[in-house]
Amino acid sequence: MGVAERNNVVVGGRPDGTPIVFAHGFGCDQNMWRYVEPAFRPSFRTVLFDYVGAGRSERSAYDAERYSTLGGYARDVVEICEELDLSDVVFVGHSVSAMVGVLAYLDDPARFKALVMVGPSPRYIDDDGYTGGFGRADIDELLDSLESNYLGWSTAIAPLIMGNADRPELGAELTESFCRTDPDIQKRFARATFLSDNRADLARVAVPTLVLQCSDDVIAPVSVGEYVHRQIPGSRFVQLDATGHCPNLSAPKETIAAIEAFLAGL
Amino acid sequence: MTGEAELATPTGTPEFFDALLEDDPNELYENAPCGYLSTRPDGTIVKVNQTFLTWTGFRRDELVGRRRLQDLLAVGDRIFYETHYAPLLRMQGMVREIAVDVVLSSGERLPVLANSVLKRDAGGEPMVVRTVLFDARERRSYERELVAARQRAEAAEARARELAQTLQSTFMPPVALDIPGLDVAGAYHPAGDGSEVGGDFYDVFPTGRGTHAVVLGDVSGKGADAAVVTALARHVVRAEVFHRPSPAGVLGVLHEAVRRAYPERFCTAVLVEVAAGDDVVLTVCAAGHHLPVKTDGTRVDRLGAAGTILGMLDETHLQDRRYSLEAGETVVLYTDGVAEARRGREFFGDRRIETLVAGGAGRPAAEVAEGLAAAAIDFQDGRPRDDIAVVALRRPS
């Protein structure tokens with residue numbers, strides 16, 4: 001099985017354009033970029049994918065050990081770039097994928113041209129002199145929350161086919177896979193994400209980097225985004241009006257405009 | 001003749017109208033048996049019903065325009081809201097049966113099940129989210145019990161597997177097999193996933209009179225009940241071999257022991273006494289068991305005489321037969337997990353075993369034993385339905 005099938009890689013846009021790779025975060029799959037990616041098709045070669053274990057990736061390729069740390073997810077990114085023979089990659093990572101992008105870049109720096117970090121956090125749990133926004137007990141509670149939603153989120157339960165009368169273009173296929181995954185995989189990804197500490201990696205980033213920060217984001221507070229900006233030499237920081245953790249869904253136009261402005265200045 | 005009961009309150013009575021008037025839409029909204037919340041797409045509460053206020057202990061003015069739905073959730077659930085709930089709602093316009101805890105004004109928590117729908121304006125932009133919350137205390141404690149039960153079941157299964165493997169390992173010699181001058185090896189594979197202890201055993205040990213005993217057997221059944229008989233069989237053979245120079249005599253004692261102690265159980269076995277000097281002499285007794293195969297690579301012989309199953313009948317017919325083992329010859333003992341390995345209606349069978357053993361003559365005993373076991377496992381697509389035990393002994397050229 002090739003990497004393209006394994007990670008459900010979807011390529012669009014201009015074949016001769018600069019590659020722009022969109023990576024989804026913890027929770028759902030590449031559909032997170034549904035409202036953003038199409039805007040880049042006219043001038044870029046767009047690449048979407050699902051991490052192994054998420055969305056429509058090849059479940060049999062899931063390796064519990066590999067995906068118990070963010071390094072395993074970064075391997076997915078590098079392998080996709082290798083398989084598609086991409087260079088000068090613009091990597092756009094949402095949530096935990098912002099840090100996965102940093103790890104992928106450090107793994108194979110020559111391949112990357114720029115990083116866009118949407119709602120990044122290098123460490124979610126508070127530490128001496130650092131506010132991540134969460135205590136260890138909060139994260140345990142999240143894991144517990146995943147457990148209590150076991151029935152609702154498990155792919156073991158046949159998904160209900162739900163109509164989208166008001167948004168027929170989404171179709172039934174979406175509701176079947178989006179955000180649904182094996183609960184054990186989900187928990188392992190949650191652990192890899194929320195117990196990670198990649199603060200020391202930030203200073204090693206030496207490509208143009210954009211930090212996109214939402215207002216009022218409980219998962220990645222403004223102070224964390226500012227920390228990332230301070231640690232990455234020469235990075236740009238843009239505070240969006242969008243609230244919450246998913247501006248790619250709640251404010252796609254503002255998100256697109258910020259990324260375009262950054263890329264135009266490269 | 002009518003099968004339907006008459007309604008106690010006909011639709012035309014004053015009581016009926018009183019009930020109908022009392023339940024006007026506003027009354028239904030405010031005091032419905034569930035909480036209603038209307039929020040902006042970002043979660044800001046714009047409208048809330050009395051039931052929700054009563055449950056949570058908040059005043060209306062503390063919530064409306066001031067708090068977001070996610071602010072009312074426990075921290076873990078807030079992450080879940082941001083990473084799952086909100087994206088799903090945005091993408092598919094609805095979510096349902098999401099289990100979250102609402103933090104009450106007292107700081108206590110109320111487990112609820114939430115359903116939400118997203119209403120969009122004429123231009124397709126998200127306008128308002130309507131959420132219904134159901135008190136799920138009973139249900140949640142039941143679900144927690146289910147989760148705990150699943151975790152206990154998984155732990156119990158892991159313990160049972162470990163116990164089975166520990167017990168099983170006592171049915172095989174703990175150290176590498178050794179008979180001076182010969183090359184001896186055993187192979188064992190449990191049935192299925194190895195979670196249940198099987199009835200196969202083998203052993204190789206010195207007899208105390210300069211010879212060695214090689215025994216391989218199979219107790220009927222599986223699990224703990226079979227395991228006690230397997231333990232008995234192995235220990236009786238170990239004890240009796242020391243003062244009985246005849247394999248048939250030893251297996252006769254085992255027959256009596258099984259029959260008296262476990263009348264409903266029986267077992268089959270092959271016992272070989274190996275006298276390895278300038279010549280190597282094998283004294284073989286088989287009791288209801290596949291006869292050992294001896295080969296030099298071209299010729300294939302079966303050793304021993306077919307004897308009765310142990311522990312089954314009153315009478316036994318067990319005989320010792322003597323053979324010499326020449327340089328370059330190999331003898332293989334195996335259980336019916338090999339011979340009766342099945343693929344569809346086809347058995348692995350004695351012919352295949354003989355061909356494989358003859359083909360492996362001259363190779364190290366470990367390769368022969370493992371090779372035969374692996375072939376039988378492959379034959380049934382990697383999942384053996386019965387335990388497999390093999391012992392090979394070879395006299396080097």
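**Two chains, from a loop serine to the sheets**

Let me start with B:Ser195, which sits in the loop between strand 6 and strand 7 (200-206) of chain B. Bear in mind throughout that this is a predicted model. Is B:Ser195 buried, exposed or partly exposed? Partly exposed, because 15 other C-beta atoms lie within 10 Å, and burial takes 20 or more. What does B:Ser195 touch beyond its sequence neighbours? Leaving out residues up to four places away, the contacts are B:Glu157, B:Ala160, B:Arg161 and B:Ala164. Take B:Ala160 from that list. B:Ser195 and B:Ala160 are 35 residues apart along the chain, yet their C-alpha atoms are separated by 6.9 Å.

A word on confidence. Chain B has an average pLDDT of 90, and 98% of its residues score at least 70. For the complex, the predictor reports an ipTM of 0.84 and a pTM of 0.67.

Now the sheet that holds strand 6 of chain B. This is an open sheet of five strands, order 6-17-14-11-12, with antiparallel pairing. Which strands stand at the edges? Strand 6 (183-189) and strand 12 (300-302) of chain B do. Each has a single partner strand, so one side of each has no neighbour in the sheet. From one strand to the next, the twist averages 20 degrees.

Look at the strand 12 end. Strand 11 (residues 293-295) and strand 12 of chain B run antiparallel and are joined by three bridges. Within that pair, B:Thr295 is opposite B:Val300 of strand 12. Helix 10 (residues 349-359) of chain B packs on this sheet. Helix 10 touches strand 11, strand 12 and strand 14 (330-334) of chain B, and its direction makes about 35 degrees with that of strand 11. Helix 11 (residues 365-379) of chain B lies across strand 6, strand 14 and strand 17 (388-394). To strand 17 of chain B, helix 11 runs at about 150 degrees.

Chain B has another open sheet of five strands, this one ordered 2-1-5-4-3, again with antiparallel pairing. Here strand 2 (45-48) and strand 3 (94-103) of chain B are at the edges; each has a single partner strand, so one side of each is left without a neighbour in the sheet. Neighbouring strands are turned by 30 degrees against each other on average, direction ignored.

How many bridges hold strand 3 to strand 4 (residues 109-120) of chain B? Eight, in the antiparallel sense. One bridge pair to find on screen: B:Ala99 with B:Leu113 in strand 4 of chain B. Helix 5 (residues 75-92) of chain B lies across strand 3, strand 4 and strand 5 (126-135). The angle between helix 5 and strand 3 of chain B is about 155 degrees.

Over to chain A. Chain A has 11 helices and seven strands. Of its 266 residues, 47% are buried. Take contacts between residues at least 6 apart in sequence: 75% of them join residues at least 24 apart.

With 12 residues, helix 7 reaches 16 Å from first C-alpha to last, close to the 16 Å expected at 1.5 Å a residue. Which residues of helix 7 of chain A are buried? A:Gln186, A:Phe189, A:Ala190, A:Thr193 and A:Phe194. They cover an arc of only 110 degrees around the axis, so they lie on the same side of helix 7 of chain A.

Next, A:Ile232, in the loop between helix 9 (222-231) and strand 7 (236-243) of chain A. A:Ile232 counts as buried because it has 26 C-beta neighbours inside 10 Å. Not counting residues up to four places away, A:Ile232 touches A:Leu202, A:Val205 and A:Thr209.

Most residues other than glycine have a negative phi. A:Asn8 has a positive phi of about 45 degrees. A:Asn8 lies in the loop between helix 1 (3-6) and strand 1 (10-13) of chain A, and is partly exposed, with 19 other C-beta atoms within 10 Å. A:Ser95 has a positive phi too, about 60 degrees. A:Ser95 is in the loop between strand 4 (89-94) and helix 3 (96-107) of chain A.

Definitions and conventions: Residues numbered from 1 in each chain as written. Chains lettered and ligands numbered in written order. Predicted model: local features only at pLDDT ≥ 70, side-chain atom pairs only at ≥ 80, totals over all residues. pLDDT = per-residue confidence, 0-100. Helix = DSSP H or I, 4+ residues; strand = E, 2+ residues; numbered from the N terminus. Buried ≥ 20, exposed ≤ 12 C-beta atoms within 10 Å, placed from the backbone. Contact = placed C-beta atoms within 7 Å. Pairing = 2+ DSSP bridges. Axes fitted to C-alpha atoms, helices over the stretch in contact; angles between N-to-C directions. Expected span 1.5 Å × (residues − 1). Arc of directions from axis to C-beta.
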